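This briefing accompanies the structure shown below. Please keep the structure in view while reading the points that follow.

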Amino acid sequence: NRRVKIRVKDSGRGIEDIAKAMEPTFSTLGGERAGIGFSVMESFTDSLKVRSKVGKGTVVTMVKQLSRRIQL
């Protein structure tokens with residue numbers, strides 16, 4: 001069972017509605033920009049977990065199962 005696990009943490013303003021943030025067109029930037037970040041990550045990973053507290057920040061954990069051995 002080989003896998004890659006990446007965890008990204010920030011101390012930003014947090015995400016108020018994680019379910020909404022997972023929608024393909026969600027963006028906090030408004031206007032002409034459309035957010036695809038979480039929906040794209042979800043399609044490339046085997047597991048995507050997002051934890052967030054408003055005013056405290058967000059932790060995103062991605063896990064990808066490897067089908068063969070790779071060298072880094």
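Which residues form the largest nonpolar core? The largest nonpolar core has 8 residues, namely Ile15, Ala21, Met22, Phe38, Leu48, Val50, Val60 and Met62. Strand S2 (47-53) and strand S3 (57-65) are the elements that give two or more residues to this core. Here a nonpolar core is a set of buried Ala, Val, Leu, Ile, Met, Phe, Trp, Tyr and Cys residues joined through side-chain atoms within 4.5 Å. The model is predicted, with local features requiring pLDDT of at least 70 and side-chain atom pairs counting only at pLDDT 80 or more, whereas totals for chains, interfaces and linings use all residues. Residues are numbered from 1 along each chain as its sequence is written, and side-chain values use heavy atoms, with hydrogens and water left out.

**Overall architecture**

- The protein contains 2 helices and 3 strands, and from the N terminus on its elements follow the order β-α-α-β-β.
- Helices (H or I, at least four residues) and strands (E, at least two) are DSSP runs, numbered from the N terminus.
- Of the 72 residues of the protein, 24% count as buried; buried means under 20% relative accessible area, exposed over 50%, and partly exposed in between (1.4 Å probe, protein chains only).
- Accessible areas come from the Shrake-Rupley method with a 1.4 Å probe, and for residues only the protein chains shown count as cover.
- Among contacts between residues at least 6 apart in sequence, 53% join residues at least 24 apart; a contact means heavy atoms within 4.5 Å.

- Val50 has its place in strand S2 and counts as buried because its relative accessible area is 15%.
- Not counting residues up to four places away in sequence, Val50 touches Ile15, Ile18, Met22, Phe38, Thr58, Val59 and Val60.
- Val50 and Ala21 are 29 residues apart along the chain, and their C-alpha atoms are separated by 9.8 Å.
- Met62 belongs to strand S3 and is buried, with a relative accessible area of 13%.
- Leaving aside neighbours within four places in sequence, Met62 is in contact with Val4, Lys5, Ile6, Val8, Met41, Thr45, Ser47 and Leu48.
- A separation of 6.6 Å lies between the C-alpha atoms of Met62 and Lys49, which are 13 residues apart along the chain.

**Buried threonines and their polar contacts**

- Thr61 lies in strand S3 and is classed as buried because its relative accessible area is 11%.
- The side chains of Thr61 and Arg7 make a polar contact at 3.2 Å.
- A polar contact is a pair of N or O atoms within 3.5 Å; within protein, one must be able to donate a hydrogen and the other to accept it, and residues adjacent in sequence count only if both atoms are side-chain atoms.
- Beyond residues up to four places away in sequence, Thr61 touches Lys5, Ile6, Arg7, Ser47, Leu48 and Lys49.
- Thr45 is found in the loop between helix H2 (37-44) and S2, and at 17% relative accessibility Thr45 counts as buried.
- A polar atom of the Thr45 side chain lies 3.0 Å from the backbone oxygen of Met41, and a polar atom of that side chain lies 3.4 Å from the backbone oxygen of Ser47.
- Apart from its neighbours within four places in sequence, Thr45 is in contact with Met62, Val63 and Lys64.

**Surface patch**

- Val4, Ile6 and Val8 form a nonpolar patch on the surface, and together they have about 220 Å² of accessible area.
- Patches are made of residues with over 30% relative accessible area and no salt bridge, with like charges joined within 9 Å and nonpolar side chains (Val, Leu, Ile, Met, Phe, Trp, Tyr) within 5 Å.
- A salt bridge is a side-chain nitrogen of Lys or Arg within 4 Å of a carboxyl oxygen of Asp or Glu.
- Val4 is found in strand S1 (residues 3-10) and counts as partly exposed, at 31% relative accessibility.

**The loop residue Gly12**

- Gly12 sits in the loop between S1 and helix H1 (18-21) and is partly exposed, with a relative accessible area of 32%.
- With neighbours within four places in sequence left aside, Gly12 is in contact with Gly55, Lys56 and Gly57.
- Gly12 and Lys53 are 41 residues apart in sequence and 9.4 Å apart in space, C-alpha to C-alpha.
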